[in-house]
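This briefing sets out selected features of the structure shown below, grouped by topic.

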Amino acid sequence: MDKFFGLKAHGTDAKTEVIAGITTFFTMAYILFVNPTTLTDPLYIMGDPNADRYKAAVFVATCLSAFIGTMLMAVYAKIPFAQAPGMGLNAYFAYTVMLGMGYTFSQALAAVFISGVLFILITLFGLREAIVKAIPKNLKVAISAGIGLFIAFIGFQNAGIIVNNDSVLLGLQNFSEWTPAAATALVALIGVLIIGVLYKLKVKGAIIIGIIATTIVGIPFGVTNLSGFTLSLPDFGSFFELTFFKMDFAGLLKPENGFWGAVFNLVMVIIAFSMVDMFDTIGTLIGTAKKNNMLDEDGSMPRMKEALMCDAIATAAGACLGTSTVTTFVESSSGIAEGGRTGLTSFTTAILFLAALFLAPVVGIIPSAATAPALIIVGVLMLSSVKEIEFDDMTEAIPAFLTIAMMPFAYSIAIGIGFGVISYVLLKTFTGKFKDFSWVTVVIALMFVIRFMFIAG
């Protein structure tokens, strides 16, 4: 393992890497249950008689695509990042592409596959690396801090600490009444305290210990449910019949829209899948690597091209299996915060995703109240990079602030990057600082302008 993954060279050991991989898995295991529900919700809304079977099939596809994508990260890119069908992208797949635009499940999969092939070509020609290098230094720092706020917000949301408020959009959980939701939020806050204390005491494996301890704390509160501790067999029959290589390319050009209307709609769908995945992945890799000193002298991440290729291949493979775009998960930062530095971390996570095919009820015992504290603590760690931003120069400070703020507010890493890059180019242009950006930066800004103007969601 040391020879293949370079453990000693990265200042780590097998135990640390395995613990980091387990931590990453538990913080992102929610996708195994959320993704099938999200992708098949339109089928339930439309009254599809096979909706339940589709849901079972998508669960298998989710496990397998996460295994393939994360294993690629382990053995090809050899970095500690995990992949799975992305949140936001699955909602776009379900509610915009299927319900809003009228594409079938199989047609939407075909669009995802095309975007995956496009990723592969872009990566082969080095265009993605050029995009990474075109992102200014202060924006790279801001991406790291923004991801910190974003991942913490996900934690607050998953735990029910922050809830919907019709008057002001967001609000605090009501702790004045003892409800299951209040109990969940309280257990999560206890979990934050546990992990915080363990970190202060420099306990090795603080996050995974905190997740386990919070799960135990949740038992008397009724938050941790032990009744589902059973083994189950995945529904491979539905998987092979309904989603495995069931992409409908011929149906993508819907005749009722006219040829050019159909082409325009299809192009917009593919661009949406492509841009969100590409910039979510780039943002996650740069932001997490920046915080954990994984960037080289010129601000680039070693093996970035290999990582982007893993993402591209995983997206195409995920579509073949029957799920929406597979992307690099920001929750990978929880494992990296535990000391994960090599592909052995992602190898461990990948094996757990494969095992989840049969151990889903066991994985489901870990409540969101136990994993949310890990995300909040990682948010604290990543936000600390904000001190490196040059706030005394407004042409640097405003784009950095917009990048940080828009990630949690718009619930998208890609949108945060978009606002940052667009404002950066405009501010530098109007102040005559043309040497501070390249033509690639301008192209990126224009891509986001087009995306915001023509693509909903």
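In this predicted model, helix 9 (residues 180-200) packs with helix 16 at an angle of about 50 degrees, and their axes are 8 Å apart. Helix 16 (residues 368-383) also comes within 7 Å of helix 8 (residues 137-159), axis to axis, with a crossing of roughly 160 degrees. Two packed helices are described by the angle between their axes and the distance between the axes.

**Helix 9 with helix 16**

- The angle of about 50 degrees falls in neither the parallel range, under 35 degrees, nor the perpendicular one, 65 to 115 degrees, and helix 9 and helix 16 are therefore oblique to each other.
- The crossing of helix 9 and helix 16 is right-handed.
- On the helix 9 side, the contact is made by T184, V187, A188, G191, V192, I195, G196 and Y199.
- Helix 16 contributes S368, A369, P373, A374, I376, I377 and L381 to the contact with helix 9.
- The residues of this contact between helix 9 and helix 16 comprise 11 nonpolar and 4 polar, with no charged residue.

**Helix 8 with helix 16**

- Because angles over 145 degrees count as roughly antiparallel, the crossing of roughly 160 degrees makes helix 8 and helix 16 roughly antiparallel to each other.
- The crossing of helix 8 and helix 16 is left-handed.
- Helix 8 takes part through S144, A145, I147, G148, L149, I151, A152, I154, G155, F156, N158 and A159.
- Their partners in helix 16 are S368, A372, L375, I376, V378, G379, M382 and L383.
- The contact of helix 8 with helix 16 divides into 14 nonpolar and 6 polar residues, and no charged residue is part of it.
- S368 and I376 of helix 16 are listed in the contact with helix 8 and also in the contact with helix 9.

**Cysteines**

- A search of the whole structure finds 0 disulfides.
- For C63, the closest cysteine sulfur is that of C320, at 17 Å, which is too far for a bond.
- C63 is buried, with a relative accessible area of 0%.
- C310 is likewise in no disulfide, and the nearest cysteine sulfur, again that of C320, is 16 Å away.
- C310 counts as buried at 1% relative accessibility.

**Residues with positive phi**

- Most residues other than glycine have a negative phi.
- K78, although not a glycine, has a positive phi of about 60 degrees.
- K78 lies in the loop between helix 4 and strand 1 (83-85), and at 26% relative accessibility K78 counts as partly exposed.
- F245 is not a glycine either, and its positive phi is about 50 degrees.
- The position of F245 is in the loop between helix 11 (236-243) and helix 12 (259-291).

- T62 is found in helix 4 (residues 51-77) and is buried, with a relative accessible area of 0%.
- Leaving aside residues up to four places away in sequence, T62 touches I31, L32, N35, P36, P85 and T323.
- A91 belongs to helix 5 (residues 89-100) and is partly exposed, at 28% relative accessible area.
- With residues up to four places away in sequence not counted, A91 touches T38 and T96.

Methods:
Residues are numbered from 1 along each chain as its sequence is written. This is a predicted model: local features need pLDDT of at least 70, side-chain atom pairs count only at pLDDT 80 or more; totals for chains, interfaces and linings use all residues. Side-chain values use heavy atoms; hydrogens and water are left out. Axes are lines fitted to C-alpha atoms, for helices over the stretch in contact, and angles run from 0 to 180 degrees between N-to-C directions. Helices (H or I, at least four residues) and strands (E, at least two) are DSSP runs, numbered from the N terminus. A crossing is left-handed if the near helix is turned anticlockwise from the far one by less than a right angle, and right-handed if clockwise. Contact means heavy atoms within 4.5 Å. Ala, Val, Leu, Ile, Met, Phe, Trp, Tyr, Cys and Pro count as nonpolar, Asp, Glu, Lys and Arg as charged, and the others, Gly among them, as polar. A disulfide is a pair of cysteine sulfur atoms within 2.5 Å. Buried means under 20% relative accessible area, exposed over 50%, partly exposed in between (1.4 Å probe, protein chains only).
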